[in-house]
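The stops below go from whole domains down to single residues.

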Amino acid sequence: MSDRPASPGFQHAELEWDENGVPQSRQYGDVYFSRTAGMDETRHVFLEPNALAQRFAALTPGRSLVIGETGFGTGLNFLCAWQLFERTAPAAARLHFISVEKHPLTRADLTRALSLWPDLACQSHALIEQYEAIHPGFQHFTLDGGRVTLTLLVGDATECLARLDARVDAWFLDGFAPAKNPQMWQPPLFAELARLSGPQTTLATFTSAGVVRRALVEAGFAMRRVPGFGTKWEMLSGRFVGSSPDRAAPWYARPSPHQGARKALVIGAGLAGCASAASLAARGWQVTLLERHAAVASEGSGNPQGVLYLKLSAHGTALSRLVVSGFGYTRRLLERLTRGQEWDDCGVLQLAFDEKERARQAKLAGAFPGLLQPLDRTQAEALSGLGLPCGGLFYPSAGWVHPPALARQLANHPDIELLTHCEALQLQRHGELWQARAGERLLAEAPVVVLAGAADVARFEQTAWVPLKRIRGQITRLPATERSTALRTVLCAEGYVAPAWQDEHTLGASFDFQQTGLEPSEAEHRSNLDMLEAISPDLHQRLRLDARPLASLEGRVAFRCTSPDYLPIIGPLAEAGRFAEAYSVLGKDARQVPQVPCPWQEGLFVNTAHGSRGLITAPLSGELLAAWIDGDPLPLPRELAEACHPNRFLLRRLIRG
C-alpha cells in the first residue's frame, strides 16, 4: 500500500456536448443521463424502486439513511435524492450519500451540466460552491448545515469500495452501460456491495443484462426484472439476502453506536476540539465545549496566519493520503469565511532549495497532477512578486488562513455551549456519565466525552498510556513595508513566510524539543530571520531587517502536539490493562487474531496529535470522530482510519513486548 504512486492515472472526465447541451463521456462513448428526461429517469430507476420517499419519512431524529452509488457522473442522482430527502424527511434526520467516480468532472463542466436542471438549482449551487480540490481518494462534503453528507470516492470503483467502512441502506448502480464499461459490472465489485450491505439493503439499476443479474444473485442479492424507463423495457431491482461479516480486527472493530442521550462533552477548544464539536452538533448532539482560556484557539491554533501546507510523498503513505483528503475538506470549509480577511487562496510555493528537495519535487509533480505545478526560477519570481534563489512547486489552491477565525466558525452552532476559563484536571466515570472536574468543582458531564486538549490529553488516569510529545514553535511577526507587500503567495522552504495581513508578515516556525517556556526568545527570532534570508534575500532586504534590533521583534510561542509516528490520534479509547490481557497471545505470535471484543472505555474518545498539519487534518478529524461515535460511514479509507486509531500504540506495545 505504501509504495504505490499517490495518484496513478488520474484524469478528469472528457466531455462532448450535443446540440441540446447534454454531456457525453468521450472516454466511454455514453451519455450521463437521458437526453430528454434525466430527472424522471432518476426517479423511476433509483428513487422509487428503493422506496426512498417512505424510508426518508420513517427516519427518527438524529438517524441517517445511507445511499451508495457506482458512477457519480454529473451528480444528478445525488441531487434528486437530496431534493426528495428535503421534501419528505423529518427535520432532524440526515442523508449520507456515497458515490464512486473514476473520472470526476471539472468544476466548469459540472456547472454547465447541472445548469440543465433549474428545479435542482438550490442543491446544485451548494454542491458547486464546495466542489474544490477534487483529487484521487476520499472527498468529504458537508452540506445543508451538516444535514446532508456526500462522500465522493475518486478512483477505480472496486478498489475504492474495498477501502470503505460503511453500512449502505440503498444502492444505485449507475455506471456507464455494461457493454461500454465492463469493469464497472464485475463480480469483485458486487462482492464489495454485498460486504457493505445489511438485511434491509435494497438495490436498483437501469440495466437488465443477464450477466449482471446472475452476478448480483451470486453475491447475495435477490433480484427481479421490473419495467424500465422510456424505451427501455426492463431494469433490475432487488434486496440483499446474504451475510456480510465485519472484516476488521477486533481491536479496530467499531464500538456499538451510542444509543442514549445525544449529549457530548469536548475538552479543549483548539481546532481539533472545535471540529469535533461542530461535527457532533451537525448530527443533532448537544455539545458542551470546555476551554481553559478566555476564547477558542488560544494555544497551538492561535497563530495569526497558518499555512495550508501539503507536505506530501510521491508514494501513497498514510500521512500523504490523509493530507490530500484533509486539504480538500479544509478548502471547502474555508469558503464560508471571508476571503482576503480571514483567509486567502493565494497559493503556496515550496522552493526547491537543495538537490534532495529538487529530486523529491520531481517525483511529486508526476504523482499529483493538477494539485501542484512545477515552476522554474523565472516563473516562481513572476508569480511571487519577489526575487527568489530557485524555482519550486506551486500549490495553486492552497494559501493561508487565520486559524482562530476557522475555529470560531466551527464552534458557532446553536447546539454548542462554550464554557471558557474551565480547565478539566480530572475525568471520572459516574454511573452512565463522564464528569470533568477541577478538584471538587464539577465543570460538566455527559455520556460521551472527547479529549482534544493536545498533549494534555495524557494528563488523565484513563489516557496516561497515550504517547504524546510537545514541540515548541515560535513565529516572528514582521511589520510590512511598502516594498514587502509585493509578496503575493506563501513561500516555504525549511520554514514559511506569508503575504502581509493586517500590516504584518508571519514568519516561522521554529522547532524546539527542549524548551518549555512560552516567552519568545531572541535566539529563535534570529533562527527565523536566517530562515527568511534563505527563502528570499530580496524579501529580507525589503523588510529592512538589518536595521531592526532583535529585541524589538514581536512573536508568539505555542506547542505542537505529535505522536511517535507523526499521524494524529483519533478514535475510541480502550482500557490499556484489559487490552493487554485480551490480546496477550499477540506477544507470542503477532499473526494471531483472537476474536475477543475490545475492552473499550465506553463513551471515551480522543482527537489529538495533529502536529504542524492541524489546519489540514483537524477539520476532517471531527468528521472521522463523529463517524466512530455515531456509527456513520467513515470519511476516510478504513486502513487510514486504523492508521490514526489510538489502539495502534497498544497493539505495537503488546507485539514488541
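A polar contact here is a pair of N or O atoms within 3.5 Å; within protein, one must be able to donate a hydrogen and the other to accept it, and residues adjacent in sequence count only if both atoms are side-chain atoms. This is a predicted model, in which local features need pLDDT of at least 70 and side-chain atom pairs count only at pLDDT 80 or more, while totals for chains, interfaces and linings use all residues. Residues are numbered from 1 along each chain as its sequence is written, and side-chain values use heavy atoms, with hydrogens and water left out.

**Stop 1: the domains**

Colour by domain: 15–240 is domain 1, 250–299 + 405–468 + 564–656 is domain 2, and 346–397 + 470–561 is domain 3. These bounds come from an automatic or database domain assignment. Now select domain 2 and domain 3, whose centres, taken over C-alpha atoms, are 33 Å apart. Domain 2 puts 10 residues into the contact and domain 3 puts in 6 residues, where contact means heavy atoms within 4.5 Å.

Between them, domain 2 and domain 3 bury about 610 Å², with 60% of this on carbon and sulfur atoms. Buried area is the accessible area (1.4 Å probe) that two parts lose on being put together, summed over both. On the side of domain 2 that touches domain 3 there are 4 nonpolar, 5 polar and 1 charged residues. In this division Ala, Val, Leu, Ile, Met, Phe, Trp, Tyr, Cys and Pro count as nonpolar, Asp, Glu, Lys and Arg as charged, and the others, Gly among them, as polar.

**Stop 2: a salt bridge**

A salt bridge is a side-chain nitrogen of Lys or Arg within 4 Å of a carboxyl oxygen of Asp or Glu. The whole structure has 34 salt bridges. Select Arg-292 and Asp-456, whose side chains form one at 2.9 Å, N to O. Arg-292 sits in the loop between strand E13 (286–290) and strand E14 (306–307), and Asp-456 in the loop between strand E24 (448–451) and strand E25 (469–479), 164 residues apart. Helices (H or I, at least four residues) and strands (E, at least two) are DSSP runs, numbered from the N terminus.

**Stop 3: two sheets**

Two strands pair if DSSP finds at least two bridges between them. Show the open sheet of 3 strands in the order E1-E2-E3, paired antiparallel. Strand E1 (15–17) and strand E3 (30–31) are at the edges with a single partner strand each, so one side of each has no neighbour in the sheet. Strand E2 (residues 23–25) is joined to E3 by 2 bridges, and Gln-24 has Val-31 as its bridge partner in E3.

Next, show the open sheet of 8 strands, ordered E17-E18-E16-E26-E27-E28-E25-E29 with mixed pairing. Its edge strands are strand E17 (373–375) and strand E29 (554–562). Strand E26 (residues 490–492) pairs antiparallel with E27 over 2 bridges; Leu-491 has Val-497 as its bridge partner in E27.

**Stop 4: backbone details**

Most residues other than glycine have a negative phi, and most peptide bonds are trans. Move to Gly-508 and Ala-509, joined by a cis peptide bond with omega about -10°. Ala-509 is in the loop between strand E28 (504–508) and helix H14 (522–535).

**Stop 5: two helices**

At the start of helix H12 (residues 377–384), a side-chain oxygen of Asp-376 comes within 3.2 Å of the backbone nitrogen of Thr-378. Gly-385 follows H12 and has a positive phi, near 90°. Finish at Asp-538 in helix H15 (residues 537–542). Leaving aside its neighbours within four places in sequence, Asp-538 is in contact with Leu-386 and Gly-387.
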